[in-house]
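Open the model in your viewer and keep the selection tool ready. The tour moves from one selection to the next.

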Amino acid sequence: MEKTLRCSHCGDPCPSNRIALGEHYFCCDGCRLVYQLLDRNGLCTYYRLNDHPGVNQRIPVRKDKFAFLDQEKMAGSLITFRNGEETHASFYLPAIHCSSCLYLLENLHKLNPAIRSSRIDFGTKTLTLVFDQRQLSLRETAELLTAIGYEPYISLRDLGSARPEPNRRLIYRLGVAGFCFGNIMLLSFPEYLGIDASETFLRQSFRYLSFLLALPVFFYSAQPFFGAAWSGLRSKFLNIDAPIALAVVVTFLRSVWEVSSGTGPGFFDSMSGIVFFMLAGRVLQDRTYRALSFDRDYTAYFPMAVTVLQYRAAGDPTASPDSAPHAADPAVRTAGAAPREVSKALPDLRCGDTLLIHSGELIPADGILTRGNALIDYSFVTGESLPVVREMGEIVYAGGRQTGAAVEVLVIKEVAQSYLTQLWNRQPSKTRGGTQPSFIHGLSRYFTIIVFAVAASAALYWQLHDPHKSWNAVTAVLIVACPCALLLSSTFTNGNLLRIMARKQFYLRNAETIEHVASATHIVFDKTGTLTDTSSPEILWQGETLSIYEQQAIATLAAQSTHPLSRALAAFLRPTTELLYITNFIERPGQGLDALIGGRRWTFGSLAFVQPQLSAGKPGGPDHGPAARRDDPSALAAHNLGDPTAVRPEDPAAPGAAIYIACDGHLLGSYCFSGKFREGLHGLVNSLAPCRLTVLSGDNSREYHRLQALLGEGINLLFDRSPEEKTQYIRHLQRRGEKVMMIGDGLNDAGALQQSDIGIAIAADCGNFTPSSDAILRGDQLTRLPAFIRFCRSGRSIILASFVLSILYNIIGLSFAVQGVLSPLVAAVLMPASSLSILLVTYGSSNLLARILLADGASASSWGGAGMR
Amino acid sequence: MTNLIFRPGRSKYFYTSKFATMSVIILLLVASLSVALLFLGAFLWSVRNKQYDDDYSPPRRILFDDSPTLTNNDNKELTSK
């Protein structure tokens, strides 16, 4: 017991040393099977490349899970190419994470010779396979991947249109601009170094060649700026692109005029240089994270197909939708043979279909439970942290995950009309952009006004003194003083901030989001899944002190049930105990169980289940009176949960929060389950000081006091909020003039995330499903939020600092320009100098700040209160 | 043409000819530009070919001892044999 035994496959601690294979020990049979398979095929390099590269296989995948891939329609959505000999298909494998994955998945042909080749795209975690469909079906391919621990994630979204290709147009433009810029510079050198004036032909040919090279820059590479300026002007908004576009046009026209009239070489090199640097900034800023999607809708959450039961003796495999209602007819059901299980694509589900929902599967449509007891985890949809029991005949809503045994559900609403889909479609569509323009647009406006004033006064001056020079001076002012420095400093700073934060697993949708994060005044948290870590509940024993024997008995009981709470309890108790012999075992699913252990009768389950078993008159536990316990269940529940006001006994979730244990009619106490709060949340209120905080939970209020104690005074705690109420609350805050940052994870937060000024979705793993949002933050990085906010705020200072620096260059340039003596050489020196210094300042200072603010050692609280501004 | 200039023994007149110098520079210009264009084309092709999409796999793939995957063509050859 000194050294914890780690699973050779996944690296998790092994509960015992029973599952072994030679020298290797495993945490579960699933991991052992994967190891065996790889070992047999000589693929154990997998384990040498990284320590414990495997993904835990404790939860077995249902055998027929991929049966739907046998159907042409659904398989077709994954197949990219097919001919008589081979099929090309691609799978999304969320488990891909390291070079071992790369090794194994690209060596699939060793596992099955029918696979001809396989290739990973690591960025999108997709595997592209070429296989011989005469020897291996798509379903078998998916099953093979599952068998080695890489289960493909196939969602309803895959049925729709193909994924959009990443937009590479900006990079093409950048490449063209870079090519032209470099060559024009070379061609300009003779001019700057003083070419002999007698070499007219050579000089002219250099100039015309420069002109030719400037054409693609002007007409192709600079298009994004013209487009943005035009759309800004059309909506009567002067954005930063307008003066830039004007400067580019003026530079180009003056250069063309100079070259054609033979009066000078023009400013082609400066123009293409500016365009090149600005495009580089844009490319850096618009970098997208291909593995992430900020715009997911419910289709990415739903599976592609579901098992439908058909109560008909015979029928074609692709049962027509209109025949489905018959299946629900009880007469047919009793008369017919055993139901056939058929996979059906989700959009083809019709009212009256009977669905077979296996354990761990999602309920795709609203329906009535017709067989089995459902225990549904709605945490993602409603925010309730604990699974809900549903009896036969009750309505179950789409989006919940069945955690108990398999159940049958009769569809009463099609997928497109289900509660969850409605919830999604009711979301307000975000109107972004025009409502809150970035501060750099405002800044550029002042800048533009000043530049125009300078140009006008220069024009006036020269009009009075030397009218020939006025045209020269005005164009020179516009050329040299375009706000491209501002654009450069903002794009490079934002791009770098995005990159640094992505390294710390805070992914922002775009550069605009940085400013929204920086300016938030009110931060709203969801509780379940955001402040709590749903993967492992916190289990607390309340009641009498248990002897070791009693603990063993409880562990034995817990191991008998498939209820998630029991399983969690069994896992919690298992490392310390051994199991006992158990007899007379009766389980009531979703409620509890009853058994004999060592001659004593143990009752184990929800309060409602244990309560009647308690024998009257027996003395109770030492900590509370027996009378109160028997007569008033709510008092008992309240007592055990530590908050009398919070618990309402009629709440279906509240009793589920604990497992009560009685022995021979004597209540020993209860194991309370509560969401485990993420570490490091302590004092979040203080560390986010200038912002007000609210917790907006869909869960009940039993954790009110705990939360308050944890987060600190002055936090606003609101419970039992429906998705609509959450959205309304955000709107209410916004009406009061607050800028709201919403942080949530579930579908119940989806509306609020959309409504808020900045919605941050919390993801346990970045490949997981997240509701559409502006930013995605990995759950364990939540405590860094104060540092992230401060970092975003500092971005503005960096932009301003580098802008001030560039103004110095502008002043030098303007002093030449207003005199009408701006030579192309001066412009050609000033332009790259200012661009490069901006690049260095923004890059250096943002990296320095990241080192100070986001250092791994710096905890959220240690920076608490030390606001930047 | 370049040889013509730098080869000794050529007539002095031709060597210093303005026309020849100019035309040679123009020719060099065209040559250098077309080489540069070639690289631009290569860059655009590599972007289009998704070579910048995945910056994780290729540097690791190359380090695996045994050949990780047979390419499509290899396979066709193997099967046709």
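Two residues are in contact if their C-beta atoms, placed from the backbone, lie within 7 Å. This is a predicted model: local features need pLDDT of at least 70, side-chain atom pairs count only at pLDDT 80 or more, and totals for chains, interfaces and linings use all residues. Residues are numbered from 1 along each chain as its sequence is written, while chains are lettered from A and ligands numbered from 1 in the order in which they are written.

Select F791(A). Leaving out residues up to four places away in sequence, F791(A) touches L497(A), M501(A), L849(A), A850(A), L853(A) and L854(A).

**Stop two: the chain contact**

Now show chain A and chain B together. Their contact takes 25 residues from chain A and 23 residues from chain B. Which element of chain A gives the most to the side that touches chain B? Strand 5 of chain A does, with six residues. Strands are DSSP runs of E, at least two residues long, and helices are runs of H or I, at least four, numbered from the N terminus.

**Stop three: a helix pair**

Select residues 223-234 of chain A, helix 9, and residues 241-261 of chain A, helix 10. They pack at an angle of about 130 degrees, with their axes 8 Å apart. Axes are lines fitted to C-alpha atoms over the stretch in contact, and angles run from 0 to 180 degrees between N-to-C directions. Now pick out the residues that meet. F225(A), F226(A) and L233(A) are among those from helix 9 of chain A. I244(A) and V248(A) are among those from helix 10 of chain A.
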